[in-house]
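Subject: Handover of a structure and the findings from it

Dear colleague,

Please find below the structure that I am handing over to you. My account of the findings follows directly after it.

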Amino acid sequence: GEMDRLDLVVQKRRESFSEIPEPWDEDYEDFLGVLKTTLMLESWINEDSEEKILEEYGVKPGDLQYKLNNCEWLIYSAQELSRILKLKDSFRTLGELRIRVNYGVKKELLPLLKLKGVGRVRSRLLYNRGFKDLGDLKKAQFESLARIIGPSIAKNIKEQLGEKANLDYLDKSENNNGKNNNLIKDESYPKGKQKVLNDFYK
């Protein structure tokens, strides 16, 4: 059952804990509850799907959103303390973690999240096709990006990078069957207005 699975995690990752209550202690069940939440958040920032997380940890979508919101708030508070105490390394590390919690991504995708309209799904698609930072995207052919994420988003990216899109290619795509061939949706969880990287360093 779930308790046995969590007990196994405790044994495998014992070095990660500063203190572990004994199984017969009254605090042990609370300890496992905190561990479950931690593992769930870890799964999220390691890009497990929402559906997999809900099933594996037996939580409802609202519960996941609530925990993510709380986690982001706690990280923000810690980041503000590090700013006040002039702990620059901690400030940056916490800032990166906050973005990862907000978008549900691995650290390697952070450079791509500087772009508006690029979140969890599109950043992973781009990264897996070899576009790992803004420099790669700037050098990319518009047509190559359009085939991966759709012409509308590709145009938006090129404009953010100070370039112009291939309008002939874009017109042909938009006229294909009378609609824009831009089928890849990119919604980070929790839902809401997408942030850009600089929002986390204000």
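Glu-51 is placed in helix α3. The model is a predicted one, and in it Glu-51 counts as exposed because its relative accessible area is 56%. Its C-alpha lies 9.0 Å from that of Pro-61, and ten residues separate Glu-51 and Pro-61 in sequence.

Overall architecture

The protein chain contains ten helices and zero strands. Of its 202 residues, 41% are buried. The chain exposes about 12600 Å², of which carbon and sulfur atoms supply 49%. Where contacts in the chain join residues at least 6 apart in sequence, 54% of them are between residues at least 24 apart.

Helix α6 and its surroundings

Helix α6 covers residues 120-128, and its buried residues are Arg-120, Arg-122, Ser-123, Arg-124, Leu-126 and Tyr-127. Which helices do the buried residues of α6 pack against? They pack against α2 (28-45), α3 (50-57), α5 (88-103), α7 (134-139), α8 (142-149) and α9 (151-160).

Arg-120 places its charged end over the ring of Trp-44, at 3.9 Å from the ring centre. Val-121 also belongs to helix α6, but Val-121 is classed as partly exposed because its relative accessible area is 35%. After α6 comes Gly-130, which has a positive phi near 100°.

Salt bridges

Side chains of opposite charge can pair when their charged atoms come close. The count in this model comes to 13 salt bridges; three of them are described here.

Glu-108 and Arg-124 form a salt bridge in which the closest N and O atoms are 2.7 Å apart. Glu-108 is in the loop between α5 and α6, whereas Arg-124 is in helix α6, so this pair ties together parts that are 16 residues apart in sequence. Is Arg-124 buried or exposed? Arg-124 is buried, because its relative accessible area is 16% and the cut-off for a buried residue is under 20%. Glu-108, at 33% relative accessibility, counts as partly exposed. Through salt bridges that share partners, Glu-47, Glu-108 and Arg-124 are joined into one network.

A salt bridge also links Arg-92 with Glu-96, where the closest N and O atoms are 3.8 Å apart. Both residues lie in helix α5, at a spacing of four residues, which is about one turn of the helix. Arg-92 counts as partly exposed at 49% relative accessibility, while Glu-96 counts as buried at 15%.

The side chains of Lys-52 and Asp-48 meet in a further salt bridge, with an N to O distance of 3.8 Å. Lys-52 is partly exposed, with a relative accessibility of 41%.

Aromatic residues

How many aromatic pairs does a search of the whole structure find? The search finds two. Phe-17 and Phe-31 form an edge-to-face pair, with 5.3 Å from centre to centre and 70° between the planes. This pair links distant parts of the chain, 14 residues apart: Phe-17 is in the loop between α1 (2-12) and α2, and Phe-31 is in helix α2. Phe-17 is partly exposed at a relative accessible area of 22%, whereas Phe-31 counts as buried at 14% relative accessibility. Together with Tyr-28, Phe-17 and Phe-31 make up one aromatic cluster.

Backbone and surface

Glu-47, in the loop between α2 and α3, has a positive phi of about 75° although it is not a glycine. Lys-86, in the loop between α4 and α5, has a positive phi near 60° and is likewise a residue other than glycine. Lys-86 is exposed, with a relative accessibility of 68%.

On the surface, Leu-81, Ile-84, Leu-85 and Leu-87 form a nonpolar patch that has about 410 Å² of accessible area together. Ile-84 belongs to helix α4, which spans residues 61-84. Ile-84 counts as exposed because its relative accessibility is 57%.

Yours sincerely,
A colleague

Technical notes: Residues numbered from 1 in each chain as written. Predicted model: local features only at pLDDT ≥ 70, side-chain atom pairs only at ≥ 80, totals over all residues. Heavy atoms only, no water. Patch = residues over 30% accessible without salt bridge, like charges linked within 9 Å, V, L, I, M, F, W, Y side chains within 5 Å. Areas by Shrake-Rupley, 256 points an atom, 1.4 Å probe, with all protein chains shown as cover. Salt bridge = Lys/Arg side-chain N within 4 Å of Asp/Glu carboxyl O. Helix = DSSP H or I, 4+ residues; strand = E, 2+ residues; numbered from the N terminus. Buried < 20%, exposed > 50% of the residue type's maximum accessible area, 1.4 Å probe, protein only. Contact = heavy atoms within 4.5 Å. Phe/Tyr/Trp six-rings, centres within 6.5 Å; stacked < 30°, edge-to-face > 60°. Lys NZ or Arg CZ within 6 Å of the ring centre and 35° of its normal.
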